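Here is a short report on a ligand site and a pocket. Read it with the structure open.

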Amino acid sequence: MFFKEKLIRLCVRSRFHTRRFISSDKSKDAEFSTRNATFVLPFESIPMARSLPLIGTKLDLIMSGFGKRLHEVIDNRHQTLGPIFREPVEGSAAHLIFLNSSEMMREMFIYEGKYPKHPLPDAWTLYNDVHSCKRGLFFMDDEEWLINRKIMNGILLRNDFQLAQSVIENVSDNLIHEWNCNFCEEENFAVVTGLMSSLYTWSIKVLVYLMIGETHGEKNHEINKLLPEFSLVVQKVFEHTAPLMIIPPTFARKYKLNIWHQFENSVTRTLEIANDIVDVGLKMNGNGLLKEMQAHNMSTEVIKRIFADLIIAAGDTTAYTTQWALFLLSTNVSEQSKIREQLDKSNFETPLIRGTVRESLRLFPVATFIGRILPVEGIIGNYRIPEHTPVIASMYSIGRDAENFPNPDKFNPSRWLRDTSGNLHGVYRPNMPYAIGVRSCVGQKLANSMMHTILSKILRNFELNLMNSNPVGVVMRLIAVPSAPIMLGIKRLSV
Ligand code: HEM
């Protein structure tokens with residue numbers, strides 16, 4: 001039996017590594033499928049993470065530093081178990097399936113159905129239940145999700161998004177101005193103070209001004225007064241969610257643990273401020289997205305729900321990816337020079353700026369795990385997966401796998417340049433940092449424009465140097481964040 005399992009595993013691995021499946025194994029468990037003309041293997045033959053008696057796999061999580069090193073734990077599991085493995089869910093017969101293959105990730109999306117469902121952090125669903133709180137796109141399901149998603153696709157994913165570009169330009173120019181204030185009079189070198197909060201405020205400001213309309217943004221005191229607290233509490237939502245990935249939220253709530261109160265307070269305050277901003281924005285009757293949402297007959301209640309969750313989804317992801325890009329650039333002065341050469345010839349973003357963002361999302365994917373709950377039985381990596389199984393793509397592992405990217409640990413924006421036939425230089429199989437399919441990121445165009453614009457402006461104005469004396473690693477705080485604050489040194493360039 002042991003030998004047979006080993007053979008099946010070998011077959012699957014060799015299919016993954018050589019892209020060929022050895023179909024000579026006519027084992028009783030394997031069933032012939034016309035799809036790909038290969039054998040379909042039963043669910044039970046998916047390699048399983050060895051759980052420890054009594055405490056299941058939770059101990060591994062605790063050993064990983066309360067989830068801070070979850071991406072590494074899962075990556076190590078892939079190293080030993082292969083591109084697909086199952087992880088028993090503590091206290092139940094269910095399993096999570098983890099993948100680190102781009103091909104299998106694509107297969108996962110094939111089965112997602114008309115109303116894709118993603119796994120949600122328990123703390124967030126518990127909050128919504130306890131407070132009878134209805135939320136935005138990320139939490140909506142079925143027809144309600146589809147109707148609102150179609151409207152938001154039309155608003156956020158269109159090609160001619162002039163308003164967005166001018167808001168992004170203005171808010172990014174402000175950030176450059178603030179950074180210029182870091183310099184003492186005669187000095188040409190400074191360290192950016194509060195890098196993270198400055199990027200956070202930048203990303204939230206873009207969204208808020210875009211909602212209310214460009215012309216009203218800066219001028220409105222009522223909204224500007226709310227922004228510093230808003231950006232702080234949105235950050236806290238993420239910070240307080242992370243421990244609740246390990247300590248069950250129902251337990252934390254029942255025993256009145258401080259961590260539950262902190263989480264609850266930060267979500268409540270985020271939703272309150274978001275509501276206030278929408279109220280003020282609607283009163284102003286500006287030319288922003290709020291007006292467009294109203295024009296689609298969205299009720300004020302739904303607009304508030306969608307707006308709050310857009311802010312939560314946009315704030316952390318965009319600010320941290322930009323921060324990772326600055327981190328990578330600040331340790332690669334030669335890449336900065338190459339990009340500046342391109343920028344000198346262009347008024348706008350360049351292919352190497354786009355490559356920098358793609359590299360940041362590859363090496364430090366803020367959405368570290370992307371999942372779907374399969375609505376039907378499916379076949380992924382030649383294994384039969386029962387309906388309702390949560391399948392999760394390990395984006396950190398996919399991005400650092402030599403099967404997908406040659407020399408994967410190297411920061412190389414040029415790998416994303418295309419040759420004359422349109423082929424990518426240094427990519428075997430691209431990753432999908434925004435997911436794909438109908439439930440992929442609705443803010444991806446906006447996020448890319450924001451990051452391309454700010455990085456171009458920063459590189460035009462400053463030379464970057466990393467000032468941290470100790471190495472900076474990745475830790476999980478629901479999304480992938482630096483293990484220590486990044487000390488970004490900036491040297492003024494004459495522009
Ligand atoms: C670097 C930046 C970003 C990354 C890497 C990112 C990544 C993602 C991913 C992977 C998903 C899909 C989750 C799933 O399918 O389960 C998603 C969904 C979503 N994102 Fe983003 N995102 C980014 C920025 C933004 C921005 C700027 C906004 C707002 C304008 C936004 C709004 C949303 C919303 C509302 C959803 C839920 C969509 C739905 O369920 O239909 N994201 N994002």
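A polar contact is a pair of N or O atoms within 3.5 Å; within protein, one must be able to donate a hydrogen and the other to accept it, and residues adjacent in sequence count only if both atoms are side-chain atoms. The model is predicted: local features need pLDDT of at least 70, side-chain atom pairs count only at pLDDT 80 or more, and totals for chains, interfaces and linings use all residues. Residues are numbered from 1 along each chain as its sequence is written, and side-chain values use heavy atoms, with hydrogens and water left out.

**Ligand site**

| Residue | Distance to a ligand oxygen atom |
|---|---|
| Tryptophan 145 | 2.8 Å |
| Arginine 149 | 2.8 Å |
| Arginine 439 | 2.7 Å |

The shell around the ligand draws two or more residues from each of helix H6 (142-156), helix H13 (300-330), E6 and H17. Helices (H or I, at least four residues) and strands (E, at least two) are DSSP runs, numbered from the N terminus. H13 gives the largest share, six residues. In total, 27 residues surround the ligand, each with a heavy atom within 4 Å of it. His118, Trp145, Arg372, Arg439 and Cys441 are the closest. By class, the shell has 19 nonpolar, five polar and three charged residues. Here Ala, Val, Leu, Ile, Met, Phe, Trp, Tyr, Cys and Pro count as nonpolar, Asp, Glu, Lys and Arg as charged, and the others, Gly among them, as polar.

Which protein atom is the donor to the iron atom of the ligand? Cys441 (SG) is the single one, 2.3 Å away. Donors are N, O and S atoms within 2.8 Å of the metal (3.2 Å for Na, K and Ca); water is not among the atoms, so sites may look incomplete. Cysteine 441 sits in the loop between helix H16 (395-399) and H17.

Arginine 372 belongs to strand E6 (residues 369-373). Its relative accessible area is 2%, so arginine 372 is buried (under 20%; exposed is over 50%, partly exposed in between; 1.4 Å probe, protein chains only). Its side chain makes a polar contact with the side chain of glutamate 112, at 2.7 Å.

**Second largest pocket**

The second largest pocket has a volume of about 440 Å³. Among its 20 lining residues, Arg358, Tyr434, Gln444, Asn448 and His452 are the closest to its centre. A pocket is an open set of points on a 1 Å grid over the protein atoms alone, where a 1.4 Å probe fits, with protein on both sides within 12 Å along at least five of seven lines; lining residues have an atom within 4 Å of a point. The volume is the space filled by probe spheres set on the points, which are joined across faces, edges and corners. H17 supplies the largest share of the lining, five residues. The lining has nine nonpolar, six polar and five charged residues.
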